[in-house]
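Thanks for making the time, everyone.

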Amino acid sequence: MAKWFAALRTPVGGFAAALLTLVLALAVFAPILWHDNAFAIDTDAIGQGPSAAHWLGTDDLGRDILFRVLVATRLSVLLAVLATVIGVVTGLVLGTLPSLLPRPAARLVTSAVNIAVAFPGLLLVLFFSVIFGVGTHGAVFAVGFALAPAFARLAQTLSASVAGQDFVSAARISGVGRMRLLIRHILPNIGEPLVVNATIGAGACLLAFSGLSFLGIGVQAPDYDWGRLLGEGLNGIYVNPAAALAPGVAVVLAGLAFNLVGETVAGVIGVRTGLRKLAPRPVTPAREDAADARDDAVLVVENLQVAFPRPAGWTVPVRGVSFTVRAGEAIGVVGESGSGKSLTGLAVSRLVEAPAVVTADKLEFAGTPVLTTPERDLRGLLGTSLAMVFQDPMTSFNPTRRIGRQLAEVAEQHQGLRRAKAFERAVDRLRAVRIPAAERRARQYPHEFSGGMRQRAMIGMGLMGDPKLIIADEPTTALDVTVQRQLLRLLARTRAERDTAIILISHDIAVVSQTCERMLVMYAGRVVEDLPSAATPRHPYTRALLAATLDLETDREASLAVIPGRPPEPDRVPNGCAFADRCPAATDRCRLEDPVLERVEAEHRVACWYPAALSQPAKETVTAGGAE
């Protein structure tokens with residue numbers, strides 16, 4: 001209920017609720033209050049314009065147009081709702097049948113829906129109107145069946161994603177009937193988007209129904225709706241424009257009410273509950289080091305979690321990540337693909353969008369709460385104090401705009417510089433990141449830059465402000481070793497000159513060891529080891545990563561070291577230690593209990609029940625794993 005009240009307090013939600021309440025109130029009470037006034041004939045006031053007696057004038061029989069528009073609300077809304085129900089039910093049946101029928105029959109139904117979707121909606125309405133005939137009943141079926149194909153396509157896509165889930169297969173094996181399978185297992189998991197689209201579809205039905213009545217094939221006399229009133233008022237539009245304008249405005253406002261309510265409902269029911277109730281796993285406690293409480297902390301992260309909704313529950317690819325970054329500190333985040341490294345960087349930058357849910361006990365950047373601060377207030381801080389270097393700058397730069405203009409936009413938006421001054425600053429930042437012929441290059445497009453130059457330009461964009469933190473997400477991927485080394489030196493120089501903190505996300509533990517003082521090792525969405533780069537790793541996963549790293553001393557005759565198995569899927573993380581199935585030292589305790597991140601020595605924390613002893617070598621130290 002709290003989320004509904006919060007939605008109603010927003011401008012869109014409040015306006016939608018007020019407008020829909022007004023439309024429904026008129027639909028219920030207008031025929032009761034003004035029915036006689038709407039049908040009263042005044043032969044002395046035929047075809048008159050607006051006056052004190054008739055605010056919107058009269059029609060060709062002297063009936064008050066305002067009262068007729070108000071009374072027509074009930075029939076107009078009722079017919080639109082009936083058509084929506086017909087369209088939703090028909091579309092739901094057509095959309096869910098392919099997931100239950102045998103393959104030949106399912107293909108037939110799917111093909112029929114695809115063909116129907118290819119036709120314009122208005123053409124379908126006119127086609128069904130010919131089939132069902134002129135009049136109110138025929139128009140209701142025509143509009144409803146015209147809505148069905150689009151709704152069937154949506155239901156078809158959603159139900160197909162659920163029908164392949166294990167719980168549906170288990171229900172089939174256990175003998176659950178097809179109808180019960182549909183009602184109990186599939187529809188509840190696709191209900192939310194269907195409800196939202198049905199609400200928005202009601203506005204389209206209202207417009208379509210009014211169009212049929214306007215053409216004379218919808219509501220017939222003596223009944224009338226807004227479309228019929230619009231058609232009647234059009235005949236005398238030059239004498240009394242209000243006669244045609246009033247029903248047209250009524251259609252627009254009622255349709256707007258349905259659409260805005262649909263948008264509001266989407267914002268409320270898109271995510272049903274908080275993440276903490278959905279991910280009851282043990283979480284990583286906040287750092288206990290006293291140094292982390294210093295005033296120079298740039299980023300503080302405690303129990304960060306990121307979840308994505310699924311038809312059968314939630315996927316939590318980031319599970320309780322905690323760390324602190326201080327001014328001028330360089331931290332590396334390493335791990336295999338899918339371990340949650342990039343998603344963690346996006347979450348702390350507030351770049352993870354709905355329907356994903358980001359929660360944290362504490363997430364502060366430069367002393368400002370990231371999750372609770374309004375976006376308008378946070379935009380300026382993040383725009384000037386946080387820089388993000390993405391893995392592929394070709395997709396991060398707008399291919400239709402010149403590099404210099406894209407960099408200058410940062411200064412224009414966040415520093416208020418004029419166009420010429422902002423461009424000068426962009427050229428200066430390109431020079432700072434060692435782009436040759438910076439002024440000429442600033443007038444080129446991204447495709448005219450090499451991969452390394454685009455990465456440097458991306459760093460230059462981050463330096464347009466005065467960044468306190470640079471998050472570099474795989475910045476050296478697909479670059480040759482020479483350009484890679486240049487970029488790492490550029491990040492190191494930026495850090496030294498500006499006291500800028502750096503988070504370097506990489507799957508290459510050797511690259512991180514050369515650049516960072518501290519390392520976070522992530523596995524299955526959690527930090528399993530937090531250690532200085534010069535320390536001896538204690539977690540089996542970190543040691544396995546180091547063993548798989550090649551250097552100049554690697555024996556060419558020996559087999560390459562590998563980590564057996566593969567990381568678990570984010571939605572199938574086991575109850576115990578996620579690395580247990582791949583760990584040679586795992587015990588029953590590892591498979592039953594999930595270890596938390598605990599300190600084993602100063603500035604060194606490990607999430608392992610049996611961390612390796614310091615006397616056990618693992619390529620000596622982390623730094624030894626990288627070749628200079």
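This is a predicted model: local features need pLDDT of at least 70, side-chain atom pairs count only at pLDDT 80 or more; totals for chains, interfaces and linings use all residues.

Let me start with Glu329, which counts as buried because its relative accessibility is 7%, where buried means under 20% relative accessible area, exposed means over 50%, and partly exposed is in between, using a 1.4 Å probe and protein chains only. Residues are numbered from 1 along each chain as its sequence is written, and side-chain values use heavy atoms, with hydrogens and water left out.

What does Glu329 meet in a salt bridge? The partner is the side chain of Arg326, at 3.7 Å from N to O, and a salt bridge here is a side-chain nitrogen of Lys or Arg within 4 Å of a carboxyl oxygen of Asp or Glu. Arg326 also counts as buried, because its relative accessibility is 12%. Both residues belong to a network of salt bridges that links Arg326, Glu329, Arg518, Asp530 and Arg605.

Arg566 forms a salt bridge with Glu569, with the closest N and O atoms 3.9 Å apart; Arg566 counts as exposed at 63% relative accessibility, whereas Glu569 is partly exposed at 41%. Arg589 forms a salt bridge with Glu593, with the closest N and O atoms 3.7 Å apart, and here Arg589 is partly exposed at 34%, as is Glu593 at 38%.

Now to the sheet. It is an open sheet of eight strands in the order E7-E8-E9-E3-E10-E11-E13-E12, with mixed pairing; strands (E, at least two residues) and helices (H or I, at least four) are DSSP runs numbered from the N terminus, and two strands pair if DSSP finds at least two bridges between them. The edge strands, each of which pairs on one side only, are E7 (386-389) and E12 (598-601). Direction ignored, neighbouring strands of this sheet are turned by 25° against each other on average. Strand E8 (residues 469-473) pairs with strand E9 (residues 501-505) in the parallel sense over five bridges, and the bridge partner of Ile470 in E9 is Ile502.

Helix H20 (residues 540-547) packs on the sheet, where it touches strands E10 (518-523) and E11 (526-532), and its direction makes about 105° with that of E10. Contact means heavy atoms within 4.5 Å, and angles run from 0 to 180 degrees between N-to-C directions, with axes being lines fitted to C-alpha atoms, for helices over the stretch in contact.

My last stop is a helix pair. Helix H14 (residues 403-414) and helix H15 (residues 419-432) pack at an angle of about 115°, with their axes 8 Å apart. In this contact, residues of H14 including Ile403, Leu407 and Ala411 meet residues of H15, among them Phe423, Ala426 and Leu430. By class, the contact has eight nonpolar, one polar and four charged residues, where Ala, Val, Leu, Ile, Met, Phe, Trp, Tyr, Cys and Pro count as nonpolar, Asp, Glu, Lys and Arg as charged, and the others, Gly among them, as polar.
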